[in-house]
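Take a look at the sequence and the model below. Keep both in view as you read.

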Amino acid sequence: MPEGPEIRRAADEVERAITREPVQDIFFAFEHLKPYEDKLRGDRILNVQTRGKGMLIRFACQLNIYSHNQLYGIWYVRKAYDFPQTKRQLRLAIHNSQKSALLYSASDIEVLREDELMQHPFWSQVGPDVLDSAVSVEQVVARLLDPRFHRRGLVSLLLDQKFLCGLGNYLRSEVLFVAGVHPSLRPVDCTPEQITGLAEAAIALARQSYTTGGITNDLARVAQLKQQGLSRGQYRFHVFNRDGQPCWVCQTPIEKDTLGGRRIYYCPVCQSKGVSPVFD
C-alpha cells in the first residue's frame, strides 16, 4: 500500500501534468459522479494537495476531487489519451491537450465543495502530516505525550492517520528502529529520549522517503552499499522486509512479527536500548 511519500510524489506528477492548461475532458467511472463531468470540463485545476494518503485536486470553480488509493489504487500520467495496457479498471481520467492523469483501481473517489471538506471523515480529521514542512518535532512529541494517545501501543498508533498522517507499514518499522524503540512499547513506556527519537524519526524518514523515492536507510550507508553492488531492494531499508538478515548496526538477525494485524520488522538488540542506534 502506498504511504504518504508515495502519494505526494504521485500528486507532484499529476499536478505538473494537469495544471498547465484547462481540462479538455474528464471521466468518472462511478455513475453518481457523472453529472460533474460537464461541470468540470473546461475548468482550470489550481493545484493538487495531499494529506497523508488522501489526495485533493482543487478546481477554480471551488469543486474538489478527493481520492484515496487504499490498497490497489495507482495513478498514471501519460500523453493525452494514451491509455496503458492494463487489466486494472479506470476510475478517473483527467485530460488536457498534452497530458492525461489516470487513476486506476481506486474505489474511494468523491467530488466535494469547499464547505464539505470541513466535514469529510478523512480530510477533516487526520492528524498533522509528517510531510508538511510546518509540522515540527515539538508538535509530534506533544501528540505522543497527549493523554489521547500515550497509552496506545505504538504499532497501532503509528498507523492511525488521526494521530499522524502519512505513515504506513514500512515507515512504522523504520521509525521504531531509528528511535531505538521495541515494537511492544507504548509512548508512556518510553524514555524522554525515545519520545524525541520517535518524533524526529517520523518526520525525517517520511521526508527522506519522499525525496529519495522510498529509501529510508542511512544515506551514507546506502552509498557504500551501492558501491558494493547491492540492489535497491537490498539497501533500501534499515529493517523492513529484512527478516533473517543482519542488522546494519549490530549484525544481529532482524526479526519479523505480526502486530496490529500487519507485519513488522525490528532488531532485538538495537531496539532494546534507550537511544537511537542511527541518529545521535
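The model is predicted, so local features need pLDDT of at least 70, side-chain atom pairs count only at pLDDT 80 or more, and totals for chains, interfaces and linings use all residues. Residues are numbered from 1 along each chain as its sequence is written, and side-chain values use heavy atoms, without hydrogens and water.

**The pocket**

The largest pocket has a volume of about 220 Å³. A pocket is an open set of points on a 1 Å grid where a 1.4 Å probe fits, with protein on both sides within 12 Å along at least five of seven lines. Lining residues have an atom within 4 Å of a point. There are 15 of them here, and Glu6, Ala10, Asn69, Ile74 and Trp75 are the closest to the centre. Helix H1 (4-18) and strand S5 (74-79) each give at least two lining residues. Helices are DSSP runs of at least four residues (H or I), strands of at least two (E). H1 supplies the largest share, six residues. By type, the lining has nine nonpolar, two polar and four charged residues.

**Gln161**

Gln161 sits in the loop between helix H5 (154-157) and helix H6 (169-179). Its relative accessible area is 13%, so Gln161 is buried (under 20%, with a 1.4 Å probe and protein chains only). Polar atoms of its side chain lie close to two backbone atoms, as listed here.

| Backbone atom | Distance to a polar side-chain atom of Gln161 |
|---|---|
| Gly166 nitrogen | 2.9 Å |
| Leu167 oxygen | 3.0 Å |

Leaving aside neighbours within four places in sequence, Gln161 is in contact (heavy atoms within 4.5 Å) with residues including Gly52, Lys53 and Phe122.

Note on methods
Points joined across faces, edges and corners; volume = space filled by probe spheres on them. Nonpolar A, V, L, I, M, F, W, Y, C, P; charged D, E, K, R; others polar. Buried < 20%, exposed > 50% of the residue type's maximum accessible area, 1.4 Å probe, protein only. Polar contact = N/O pair within 3.5 Å; in protein donor to acceptor, adjacent residues only side chain to side chain.
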